Amino acid sequence: MVLTSHDIETIEKLGYEVKFFVSERNRWLQLKNKKGRCVFHNGTLCTIYDHRPEGCVLYPIVYDKDHRCAILDSDCPQRHCFLLSNTKSKQLFTLISILEKERVERKKEKKM
């Protein structure tokens with residue numbers, strides 16, 4: 001799951017160090033996985049559920065790059081329990097805009 005700086009700050013306030021839960025790939029900051037799961041998933045539930053990142057809140061709504069639209073993740077076995085509303089789609093596009101802007105800023109900082 002890709003993280004915004006706000007997501008990271010929220011989780012840090014819970015007492016977690018960034019190095020515990022954030023990995024970076026190609027200037028994207030994302031939740032670390034351990035044994036195929038998010039580091040905050042204990043096998044049964046999310047241990048930071050009330051403070052989870054925006055992308056987790058929106059899931060299983062994800063962005064389909066090929067069709068440039070929001071869709072329900074076909075890998076989610078519970079996707080039939082969710083509705084893909086215009087409001088949720090707009091929230092996803094806003095999140096994507098924030099993530100891309102922050103990534104561009106990290107690229108600029110790297111060049112300096």
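How many positive and negative side chains does the protein have, and how far apart do the centres of the two sets lie? There are 21 positive and 15 negative side chains, and the two centres are 3 Å apart. Lys and Arg count as positive, Asp and Glu as negative, while His and the chain ends are not counted. Each charge is placed at NZ of Lys, CZ of Arg, CG of Asp or CD of Glu.

This is a predicted model, in which local features need pLDDT of at least 70, side-chain atom pairs count only at pLDDT 80 or more, and totals for chains, interfaces and linings use all residues. Residues are numbered from 1 along each chain as its sequence is written, and side-chain values use heavy atoms, with hydrogens and water left out.

**Overall build**

The protein has 4 helices and 6 strands. Their order along the sequence is α-α-β-β-β-β-α-β-β-α. Helices (H or I, at least four residues) and strands (E, at least two) are DSSP runs, numbered from the N terminus. The C-alpha trace spans about 45 × 35 × 25 Å along its principal axes.

**Cores**

A nonpolar core is a set of buried Ala, Val, Leu, Ile, Met, Phe, Trp, Tyr and Cys residues joined through side-chain atoms within 4.5 Å. The largest one has 10 residues: L3, I8, I11, F21, V22, L29, L31, V39, F40 and I48. Another core lies apart from it, with 7 residues, among them I61, A70, L95 and I96. In soluble globular proteins, nonpolar side chains tend to be buried together.

L3 belongs to the largest core. Beyond four places in sequence, L3 is in contact (heavy atoms within 4.5 Å) with I8, F21, V22, L29, Q30, L31, P53, L99 and E102.

Q30 sits in strand 2 (residues 28-31). C76 is in the loop between strand 6 (69-72) and helix 4 (86-111).

| Residue | Relative accessible area | Contacts |
|---|---|---|
| Q30 | 16% | M1, V2, L3, F21, V22, S23 and R25 |
| C76 | 8% | Y59 and P60 |

Why does Q30 count as buried? Its relative accessibility is 16%, and the cut-off for buried is under 20%. C76 and I61 are 15 residues apart along the chain, and their C-alpha atoms are separated by 9.6 Å.

Technical notes: Buried < 20%, exposed > 50% of the residue type's maximum accessible area, 1.4 Å probe, protein only.
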